[in-house]
Amino acid sequence: MKKVVVIVGPTGIGKTDLSIKIAKHYNTEIISGDSVQVYRRLDIGSGKVLKDEMDGIKHHLIDILDPIEDYSVSDFQKNARFIIDELSKKEKLPIICGGTGYYIKAALYDYEFTSSKRTDKYDNLSNEEIYERLKELNDSSIPNINNRIRLLRHLEILETIDEPKNKNIMLYDPLFIGLTCERDKLYERINQRVDKMIQNGLIEEVKALYDSGLKAKSVQSIGYKELYDYFDSKISLDDAINLIKQHSRNFAKRQYTWFNNQVHTNWIDIEKENAYEKALELIDEFIKEKEN
């Protein structure tokens, strides 16, 4: 099977920097495993890597859609598999970097989805049950729990109606490398990251989207939905910023739970180990397995 390196971990842990260093070392390219970075104009809030930060490394599945467009797990699956196969043909080691675990697993395992059509499949679920199901799918853009129509549509798009089939059969040979640190240090990282986003113009970025009249799934993601509520005069700016931090910390906790339970992840504590050297060690051993 084709080998794939996957860099995962909670939001704000430093996945992007590590993936770029690794890609340079192995002379390869990076596939974004993020459900929000696919959208143009959603830059600061999604933590999107900037051109001058890419250090010459080609990144895939970034800025490929307008914010009004829907993007489902089956879309990511199709796109990611195509890029993995193309890189493998060039004898390049594909690297996926991101925190949207359900998307990543769907690309690597034999998930099968049907076309998205409205059904009554979820009509027997309460809003709370739908909301919890979206959290289990490691989604960062969950609509308001009181908006049933959006909750239902969001779950349909994410799952593309049917439960995945053959979801425990791998189509590729993946190495999952996860970055971690002590929880209180991670939460401090996240708080500082949000403060930096604000300094870098997150409020202005979201205001431009809001003023354009955009109301779509894309702006239901963390960092956007809270500021939309502020612009709607539902909450204060301070409350919006605090909620972005809180929701980001909650999302990080769900990411840990998902990656611990769903895939075998080789965790690297960035506070105790040199993440780059440890990752290279793991990858070199992983590559050698191909030669045996």
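Is Phe 231 buried or exposed? In this predicted model, Phe 231 is buried, with a relative accessible area of 15%. The report below begins with this residue and its aromatic neighbours, and then turns to other parts of the chain.

## Aromatic residues around Phe 231

The structure holds eight aromatic pairs. One of them joins Tyr 210 and Phe 231 in a tilted arrangement, with 5.3 Å from centre to centre and 40° between the planes. Because Tyr 210 belongs to helix H7 (residues 202-211) and Phe 231 to helix H8 (residues 225-231), this pair ties together parts that are 21 residues apart in sequence. Tyr 210 is partly exposed, at a relative accessible area of 22%, whereas Phe 231 falls below the 20% limit for a buried residue, at 15%.

Phe 231 also forms a tilted aromatic pair with Tyr 230, where the centres are 5.1 Å apart and the planes are 45° apart. Tyr 230 is partly exposed, with a relative accessible area of 28%. Tyr 210, Tyr 228, Tyr 230 and Phe 231 together make up one aromatic cluster.

Strand S1 covers residues 3-8 and is mostly covered, as six of its six residues are buried. In a regular strand, side chains alternate between the two faces of the sheet. In S1, Lys 3, Val 5 and Ile 7 point one way, while Val 4, Val 6 and Val 8 point the other way.

Two strands are described here as partners of S1. Strand S5 (residues 173-180) runs parallel to S1 and is joined to S1 by six bridges; within S5, Asp 173 is the bridge partner of Lys 3. Strand S4 (residues 95-97) pairs with S1 in the parallel sense over three bridges, and Val 6 stands opposite Ile 96 of S4. Lys 3 takes part in a further arrangement: the charged end of Lys 3 sits over the ring of Phe 286, 4.0 Å from its centre.

## The surroundings of Tyr 172

Tyr 172 is placed in the loop between helix H5 (148-159) and strand S5. Tyr 172 is buried, with a relative accessible area of 5%. Leaving aside neighbours within four places in sequence, Tyr 172 is in contact with Met 1, Lys 2, Val 4, Arg 81, Ile 84, Asp 85, Ala 107 and Leu 108.

Tyr 172 and Tyr 109 are 63 residues apart in sequence, and their C-alpha atoms are 7.2 Å apart in space.

Most residues other than glycine have a negative phi. Against this background, two residues deserve mention. Arg 41, which is not a glycine, has a positive phi, near 75°. Arg 41 lies in the loop between strand S2 (30-32) and strand S3 (59-60). Arg 41 is partly exposed, with a relative accessible area of 42%.

Asp 55 likewise lies in the loop between S2 and S3. Although Asp 55 is not a glycine, its phi is positive, at about 55°. The relative accessible area of Asp 55 is 44%, and Asp 55 is thus partly exposed.

Conventions. Residues numbered from 1 in each chain as written. Predicted model: local features only at pLDDT ≥ 70, side-chain atom pairs only at ≥ 80, totals over all residues. Heavy atoms only, no water. Buried < 20%, exposed > 50% of the residue type's maximum accessible area, 1.4 Å probe, protein only. Helix = DSSP H or I, 4+ residues; strand = E, 2+ residues; numbered from the N terminus. Pairing = 2+ DSSP bridges. Contact = heavy atoms within 4.5 Å. Phe/Tyr/Trp six-rings, centres within 6.5 Å; stacked < 30°, edge-to-face > 60°. Lys NZ or Arg CZ within 6 Å of the ring centre and 35° of its normal.
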